[in-house]
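Subject: Structure handover

Hello,

Here is the structure I said I would pass on. My notes on it follow below.

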Amino acid sequence: MRLPGKIGMLTLGALVLCAGCGSTIAPSPVASSRAALPPAMSLAESAATSQATWAVLSMGAKSGANEFWQLFLLTANSQQWKLDTPPDVATNGAPALAGLAGPGLVAGVRPSLYLSYSPVSRTSDAGKTWSAGPPAAGLASVPDALAATPGGSQMLALSKSGRVASAAATSSEWRGLVTERSLAASAAGRACGLTALTAVAYATAATPLVAGDCGKPGVAGIFAGSGSSWRGAGPTLPAALSGTEVRVLRLVASSSGTVTLLQTGTGSAARLVAAWRADSGRWTLSPAFRLAGSDVRSAAFGDAGAAAVLLTNGRGATIPGPSGAWRLTPTVPAAPSATLALPASGQVDALTAAGGTLTVWQLDQAGAAWTRAQVVKVPIVYGSSG
Amino acid sequence: MPGMNSGININDPTVVAAFKTALLHQGLVAALLFIVLSLAWVSVREFRGTRPVGPQRDTRQPEAPARRVLRVGFGLLWILDGILQAQPGMAVGLPSHVIKPTAQSSPSWVQHLVNWAGTSWSYHPIQTAAAAVWIQVGIGIWLLLASRGRLLQFAGLVSVGWGLVVWVFGESFGGIFAPGLSWLTGAPGAALCYAVAGALLALPAGIWRSARTGAVMTRCFGVFLVGMAVLQAWPGRGFWQGEVHGQAGSLTSMVQSMAALSQPSALADLVSAFGSFVRADGFAVNLIAVLALGSVGAAFAIRNPRIVRIALIALAVFGLADWVLVQDMGFLGGLGTDPNSMIPMLLLATAGYLALTPTPAAAGAQESSQPASEPAQEGQPAGTSAFPIVDPATSNWRERLKPANLSGAMAAASLASVASAGAIGVILLGAVPMAAAQASDAASPILAQSVDGSSAPLNSPAPGFTLTDQDGRKVSLASLHGKAILLTFLDPVCVTDCPLIAQEFRQAGLLLAGHSSQVELVAVNINPLYSDVSYLRAFDQQERLTSLPNWLFLTGAPAQLRPIWKKYGIASETAPAGSMLGHNDAAFVIGTNGQLRQELGFDPGPGTAATVSSFATEIANAAEQALKQ
């Protein structure tokens with residue numbers, strides 16, 4: 001074969017090879033450095049005070065411009081949940097809640113579509129009236145991205161960029177407290193091997209708490225701030241749970257102190273531990289709850305330290321407080337979005353949402369079955385955000 | 001894919017009318033160009049007193065049949081493609097209905113590249129779509145008319161250039177980087193065949209008189225077909241199954257998607273029936289395809305003319321069947337831009353076959369770029385030029401551009417050469433306005449007009465207001481007297497329209513940078529709950545408006561704001577269940593004298609980069625008009 005022919009053959013051969021390669025390239029496996037940690041939780045949640053129980057669920061479409069997160073309220077003197085989504089802002093991003101004393105609440109809407117920062121609003125009268133708080137940097141996609149002191153005079157926010165900032169209720173701006181990077185570089189952060197921030201809460205008005213994932217096994221990444229310094233403030237786990245990485249799933253303030261939910265291990269080795277922090281800084285740990293291959297889908301907190309989780313297998317588990325034990329609930333009816341709720345009355349509710357319908361289920365006295373208690377039709381305006 | 005006007009109806013009457021008008025105007029200019037060139041040519045020849053004397057003998061070689069097949073075949077194909085580009089929906093539809101779907105299965109780098117081209121098209125849809133028409137028609141005419149010499153070689157090179165542009169940006173490299181590559185569905189891309197043909201036409205004419213050319217062509221073509229057969233047979237690529245887990249296989253889905261396009265019902269039924277056949281007997285169909293491709297490819301690679309002839313006939317039968325049953329003739333239904341790969345592929349194969357048995361060179365004949373029937377003046381021997389033709393090798397460009405030399409060259413040119421010059425003019429007719437438009441960062445305002453219609457002229461005093469700006473300063477309308485004002489109403493916590501409108505204003509501000517002291521861009525807060533200046537600042541930061549020196553975002557207490565909304569006809573309404581505040585989108589142009597000049601519908605539509613830029617152009621133009629009034 002002469003030269004032009006060879007060149008032509010080579011060119012065509014290369015073309016065919018390229019085409020073949022192009023058609024057979026398989027995606028390379030992505031190495032996961034976080035394999036030991038459980039998946040992120042849903043942003044559906046519930047929080048309660050002595051006078052009000054709030055719950056947030058995703059409704060409408062599964063995602064995108066027609067997914068609208070809705071806020072529901074159950075007041076202490078009512079048996080009926082009602083829609084109480086803050087007005088005049090699109091909730092395509094899930095609201096982050098920070099319960100206040102009484103029927104008050106601070107809600108920060110996470111970024112969505114073209115909105116990259118988080119509008120903040122607050123109510124002190126169970127949603128009858130709302131006022132705007134200072135706009136926050138885009139809140140992180142974790143349930144406890146926003147916290148407030150019981151009276152609401154101070155707020156704490158965790159942004160998507162890993163920055164923790166605080167603001168006075170009367171202020172129009174947020175003041176940076178710490179960043180994921182600076183905390184990771186601190187002595188406390190190095191001791192934990194901090195890899196990501198996952199929650200903020202107030203232990204007291206003067207003591208902000210920040211939680212994160214630790215790379216070091218057995219360390220619960222909870223840090224307490226004092227001025228510009230931060231120290232490790234998490235509970236010490238029993239030796240049986242100290243061999244695996246710990247994720248702080250939730251960190252919230254309640255009237256009886258700070259409550260946290262910790263998950264250790266994954267898969268069949270996964271355990272859930274609740275811990276309560278007294279004002280002295282001392283933690284009380286719950287018995288370890290075996291997750292049996294499930295993960296925590298959403299969590300709820302009662303006013304006096306009670307906690308509940310809904311698992312990915314549909315079962316729920318509740319614990320009444322520091323001295324209690326975990327108790328399984330029957331399987332919650334399946335729905336795209338769901339959370340348990342722990343009103344002050346002591347009942348256990350399950351809220352499930354599908355499309356524009358919220359269904360409230362109540363656990364019977366024996367804890368053996370869910371009974372449909374209420375159906376709320378939500379007038380979602382589809383297409384209003386897109 | 002962003003930036004491709006996917007939200008605008010491809011048959012939008014505003015855009016379609018503008019496209020038709022542009023084509024009509026440019027068509028008239030093209031006709032005029034040909035008329036002027038013809039008149040000039042005839043006049044120069046008459047003025048110089050030249051006319052043919054006696055019968056002329058064409059001393060040049062006849063055109064090689066293989067070359068003629070390529071030249072005429074691809075010339076006609078380019079013209080057909082140009083006509084297809086003139087479909088009314090092409091201006092808006094090509095990026096979103098042709099480019100985007102073609103790139104969808106390609107790797108992300110291809111999508112980025114193609115997206116860039118699609119966005120560029122979307123910014124100036126009329127000029128670019130019209131350019132595509134005239135460039136392709138021009139190349140086609142040029143190939144048909146320039147039968148020899150450098151003119152044909154240049155035409156071939158232009159065909160290579162434009163063919164590669166179409167192949168890369170319009171066909172996403174013919175899908176060679178995407179999975180599912182198959183000769184049956186058009187791989188490696190029709191436009192690549194155009195480019196290959198152009199490259200062959202750009203070769204010197206002498207090469208076509210060598211049998212080696214045909215040998216190289218047929219062998220390359222044969223190896224290519226064998227490669228395609230291997231790809232077709234490769235396990236795991238979905239061609240052996242007509243149906244996979246209840247889903248249509250690769251070939252079935254292609255045929256079914258073609259059958260679903262609008263076309264004559266008889267053809268749709270035929271293609272649909274074949275789709276069902278492929279679904280039921282995918283293995284057999286693929287086996288036939290692999291065997292046919294492999295055996296025809298092997299026959300071409302052997303290079304024996306008799307075997308190649310038989311293979312060519314087989315390829316024609318097989319290819320035409322595929323063209324009808326799988327490729328659905330390429331251009332029927334939807335927004336077809338060409339007849340797909342099979343016809344150009346057959347033209348290349350035919351040329352290769354013809355080149356195997358080249359015409360021997362005639363004694364005394366020569367390949368020349370000079371005209372075929374060059375006239376002789378009286379007394380001049382036939383076949384020699386009577387005009388002062390300047391030798392390009394020995395003269396500089398100044399010499400060649402002298403009027404006498406130019407007119408001499410023109411008088412000496414053949415009709416085909418003059419017509420070729422006209423074809424080049426047609427190409428430039430499309431390319432120059434497109435290049436001029438693409439040089440601008442701002443999109444054509446036609447997109448904004450297609451979304452919201454034309455603006456409403458006003459002439460009344462602008463309702464006054466005194467509010468607080470994003471920096472906490474009091475600002476009144478009266479304090480802005482003497483400036484042109486672009487006024488809109490925005491919700492600082494809006495998730496859709498308001499950020500887009502803000503971007504339109506931001507880009508308008510950048511376009512009006514030279515007038516920043518004379519034009520004020522003003523937004524009034526429309527949200528009664530989020531009315532604190534901190535929200536204005538957060539919004540400004542989000543939308544990168546803080547760097548605009550003439551940007552004002554104004555707010556006040558709801559009691560202050562509501563009367564202003566009312567006076568400007570803006571409704572603000574709380575919607576239930578997590579919906580954002582409802583309000584109408586509008587922009588007003590206030591003249592330097594405080595009079596309302598225009599109200600522009602300002603629903604941002606699909607919110608693509610092109611539509612945002614288009615609205616920006618529209619309001620920037622409106623502001624400039626207001627400054628002149």
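Of the 15 residues in helix H18(B), 14 are buried, so the rest of the structure largely encloses this helix. This is a predicted model, and what follows should be read as such. H18(B) covers residues 497-511 of chain B, and its 15 residues should span 21 Å at 1.5 Å a residue; the C-alpha atoms at its ends are 21 Å apart, which agrees.

Among the buried residues are Ala190(B), Leu192(B), Cys193(B), Tyr194(B), Val196(B), Gly198(B) and Leu201(B). What do the buried residues of H7(B) pack against? They pack against three stretches of chain B: helix H2 (65-85), helix H6 (149-170) and helix H13 (342-356).

Chain A as a whole

Chain A contains 3 helices and 31 strands. A compact globule with 386 residues would have a radius of gyration near 21 Å, and chain A has 23 Å, which agrees. The C-alpha trace of chain A spans about 95 × 50 × 50 Å along its principal axes. Of the 386 residues in chain A, 54% are buried. Among contacts in chain A with a separation of 6 or more, 47% are between residues 24 or more positions apart.

Strand E3 and its neighbours

Strand E3 of chain A runs over residues 67-75. Is E3(A) mostly covered or mostly open? E3(A) is mostly covered, with 8 of its 9 residues buried.

E3(A) pairs with strand E2 (residues 52-60) of chain A through 9 bridges, and the two run antiparallel. Within that pairing, Leu71(A) of E3(A) has Val56(A) opposite. The hairpin of E2(A) and E3(A) has 6 residues between the strands, and Gly64(A) in this hairpin takes a positive phi near 85 degrees.

E3(A) also pairs with strand E4 (residues 82-83) of chain A, in the antiparallel sense, over 2 bridges. Phe72(A) has Leu83(A) in E4(A) as its bridge partner. These two strands, E3(A) and E4(A), form a hairpin with 6 residues between them.

E8(A) pairs with strand E6 (residues 105-109) of chain A over 4 bridges, in the antiparallel sense. Arg122(A) in E8(A) stands opposite Val106(A). E8(A) is also joined by 2 bridges to strand E9 (residues 131-132) of chain A, again antiparallel. The bridge partner of Ser121(A) in E9(A) is Ala132(A).

An open sheet of four strands

Further along chain A, 4 strands form an open sheet with antiparallel pairing, in the order E28-E29-E30-E31. Its edge strands are E28 (337-341) and E31 (370-377) of chain A, each pairing on one side only. From one strand to the next, the twist averages 20 degrees. Within this sheet, strand E29 (residues 349-354) and strand E30 (residues 357-363) of chain A are antiparallel and joined by 6 bridges. Leu351(A) has Val360(A) in E30(A) as its bridge partner.

Where the two chains meet

How many residues does each chain give to the contact? Chain A gives 46 residues and chain B gives 39 residues. On the side of chain A that touches chain B, the elements giving two or more residues are helix H1 (3-24) and strand E3 (67-75) of chain A. H1(A) gives the most to this side, with 13 residues. By class, the side of chain A that touches chain B has 26 nonpolar, 17 polar and 3 charged residues.

Regards

Note on methods:
Residues are numbered from 1 along each chain as its sequence is written. Chains are lettered from A and ligands numbered from 1 in the order in which they are written. This is a predicted model: local features need pLDDT of at least 70, side-chain atom pairs count only at pLDDT 80 or more; totals for chains, interfaces and linings use all residues. Two residues are in contact if their C-beta atoms, placed from the backbone, lie within 7 Å. Ala, Val, Leu, Ile, Met, Phe, Trp, Tyr, Cys and Pro count as nonpolar, Asp, Glu, Lys and Arg as charged, and the others, Gly among them, as polar. The radius of gyration is taken over C-alpha atoms; the globule rule is 2.2 Å times the number of residues to the power 0.38. A residue is buried if 20 or more other C-beta atoms lie within 10 Å of its own, exposed if 12 or fewer, and partly exposed in between; C-beta atoms are placed from the backbone. The expected span of a helix is 1.5 Å times one less than its number of residues. Two strands pair if DSSP finds at least two bridges between them. Axes are lines fitted to C-alpha atoms, for helices over the stretch in contact, and angles run from 0 to 180 degrees between N-to-C directions.
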